[in-house]
Amino acid sequence: MDNKVKTYLQAFGVSEATQRFLCKPQRMFIGGAWLEASDGASAEVIEPSTEGVLTRIPMGTQDDLDRAVRAARAQFDGGPWSQLKPLERERLIHRLADLIEDNADELAQIESIDMGKSVAQARAVDIQGTVDTLRYFAGWASKIHGRTVEPSLPGNYLAYTRKEAVGVVGAIVPWNFPLQTMAWKLGAALATGCTVVVKPAELTSLSALRFAELVQAAGIPDGVLNIVTGRGSVVGTAMSSHPGIDKLSFTGSTPVGCSVGKAAMDQMKRLTLELGGKSPVIVFADADLDAAAEAVANGVFFNSGQVCDAGTRAYVERSVYPAFLEALARYTATLKIAPGLDPDCFISPMVSRQQQQRVLEYIALGKAEGAQVYYGGEPVEGPGFYVQPTIFAHCNNDMRIVREEIFGPVLVTLPFDTQEQALALANDSEYGLAAAIYSNDLGKVHGLIPRLRAGTVYVNAHSTLDPSMPFGGYKQSGYGKDMGAEQLEFLLETKAVWITLP
């Protein structure tokens with residue numbers, strides 16, 4: 001850890017527990033052992049607010065992944081985990097959730113320091129969401145069952161179905177919500193009796209490694225959870241085609257997800273893909289404009305826009321378009337740009353220099369395409385990978401900034417005249433992860449919901465997530481669901497059993 005990072009941590013009073021974790025050598029977690037990469041390779045972790053070196057993590061190899069899959073396979077095929085009764089699995093998952101609650105402040109600090117995000121947001125959303133997800137799926141462990149059937153064919157039979165865990169799950173986790181997204185994949189997997197190999201994003205692996213320590217402390221058998229850090233081009237690619245992995249769950253960009261999905265399907269792996277988004281927001285004139293402006297801004301600028309279902313396309317009824325833009329800019333101006341550990345931070349730095357440059361290039365592209373910068377649109381002076389929250393006005397659906405996922409604090413807006421026009425504009429996208437409607441006319445809202453081609457529709461709010469509700473998209477936004485009872489079906493096989501009776 002270099003002096004810039006040390007000074008930053010001291011300035012905001014980071015806990016001794018967090019500092020102890022960050023200062024110790026980081027290792028992968030495979031079969032209950034803490035290991036360096038098989039070839040000794042490692043890479044620097046850069047803290048986004050200071051651009052200083054935080055620590056180093058191992059860069060795993062194919063051999064490391066093979067070892068992790070063998071550990072997971074052994075546990076699933078005949079280890080202690082496979083012998084546990086459902087209520088025993090449930091108790092262990094609850095014990096893990098207890099430990100996360102006990103260490104919530106430390107985990108929030110680790111997530112903020114590693115990814116750059118607001119520590120307050122990390123505590124309220126990422127860590128609490130992780131606890132809630134594990135508790136929700138813990139309850140499902142004892143409630144998975146098949147059904148009995150009365151066959152109509154001649155003869156005397158007992159016919160029933162069994163629900164059986166799919167096996168070893170490979171989970172590829174993104175960098176924007178590292179711990180929470182991992183929990184989305186782990187909760188249902190553990191509840192059903194699967195074992196898991198996790199590949200965290202190379203930019204943000206630290207909370208996964210701290211989580212692994214808590215898994216050990218909870219008494220979950222070695223090999224149930226394995227974490228292989230490293231590059232997606234090495235570990236992720238190998239995971240997608242590994243013959244020892246039965247199911248792959250990936251969250252990330254659509255181009256990478258398509259590549260991962262094709263490799264997995266070559267071996268007929270079970271598959272869940274949660275991919276990109278360019279989520280539309282429709283604001284009608286009957287909405288409370290100040291409340292809508294606040295919700296829309298929060299929905300696109302939360303986590304500095306590094307959110308897959310962020311409402312990045314706002315279509316506003318023409319009669320209120322100028323007033324809405326004014327309210328939007330007025331509220332956005334109150335959002336503090338600051339380091340993630342600042343308790344008042346809302347706009348934190350991008351996760352990396354590369355991501356900052358990507359967003360700035362899209363802002364420059366929007367200007368070149370003829371969109372009007374209504375607010376922001378500039379980098380922030382000084383250290384850190386910051387970008388001002390940016391609002392474009394008078395866009396059109398042919399612009400690249402309207403069609404392509406930017407993954408930063410950039411909102412594009414344009415007016416509409418009729419409800420049918422708004423619907424057509426909203427659906428005019430290759431993505432279909434989420435959509436939002438702002439209106440106080442419930443008849444209008446209920447008429448639009450089934451016509452929006454999106455996996456989630458928010459009304460008068462954005463990104464209202466709960467582990468009891470499924471999350472996943474239409475079209476190029478992916479396949480399958482995370483969370484909710486629906487996720488269980490993607491982690492279970494259904495076996496039909498026929499017994500001929502005398």
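Modeller: The second largest cavity holds about 50 Å³ of space. A cavity here is a set of points on a 1 Å grid, laid over the protein atoms alone, where a 1.4 Å probe fits but cannot get out. Points are joined across faces, edges and corners, and the volume is the space filled by probe spheres set on them. Lining residues have an atom within 4 Å of a point. For this cavity they are G277, K278, G305, V307, C308, A310, T312, E405, I406, F407 and G408. By class, five are nonpolar, four polar and two charged. Nonpolar covers Ala, Val, Leu, Ile, Met, Phe, Trp, Tyr, Cys and Pro; charged covers Asp, Glu, Lys and Arg; the others, Gly among them, are polar.

A word on the basis. The model is predicted: local features need pLDDT of at least 70, side-chain atom pairs count only at pLDDT 80 or more, and totals for chains, interfaces and linings use all residues. Residues are numbered from 1 along each chain as its sequence is written, and side-chain values use heavy atoms, leaving out hydrogens and water.

S304 sits in the loop between α12 (289-301) and β13. Helices (H or I, at least four residues) and strands (E, at least two) are DSSP runs, numbered from the N terminus. S304 is buried, with a relative accessible area of 0%. Buried means under 20%, exposed over 50%, and partly exposed in between, with a 1.4 Å probe and protein chains only. K475 makes a contrast: positive phi again, about 50°, and again not a glycine. K475 lies in strand β20 (residues 474-475), and K475 is partly exposed at 36%.

Now the strands. β13 (residues 311-317) pairs with β16 in the parallel sense over five bridges. Two strands pair if DSSP finds at least two bridges between them. V316 has P415 as its bridge partner in β16. β15 (residues 390-393) also runs parallel to β16, with three bridges. There, T390 is partnered by V410. How many residues of β16 (residues 410-416) are buried? Seven of its seven. In a regular strand the side chains alternate between the two faces of the sheet. On one side of β16 sit V410, V412, L414 and F416; on the other, L411, T413 and P415; all are buried.

At least two lining residues each come from β12 (279-283), α16 (419-427), β17 (431-432) and β18 (434-438). Eight of the lining residues are nonpolar, three polar and four charged.

Open space is another matter. A pocket is an open set of points with protein on both sides within 12 Å along at least five of seven lines. The second largest pocket has a volume of about 430 Å³. Its lining has 21 residues, with R89, R162, K163, E164 and T192 nearest the centre. Two or more lining residues come from each of α4 (80-83), α5 (86-102) and β6 (157-165). β6 gives the largest share, five residues. The lining splits into eight nonpolar, eight polar and five charged.

β6 also belongs to an open sheet. Its three strands run in the order β5-β6-β22, with antiparallel pairing. β5 (148-149) and β22 are the edge strands, each pairing on one side only. Nine bridges join β6 and β22. L158 has I499 as its partner in β22.

Last, a charge over a ring. K444 lies over the face of F284, at 4.3 Å from the ring centre. The test is NZ of Lys or CZ of Arg within 6 Å of the ring centre and within 35 degrees of the ring normal.
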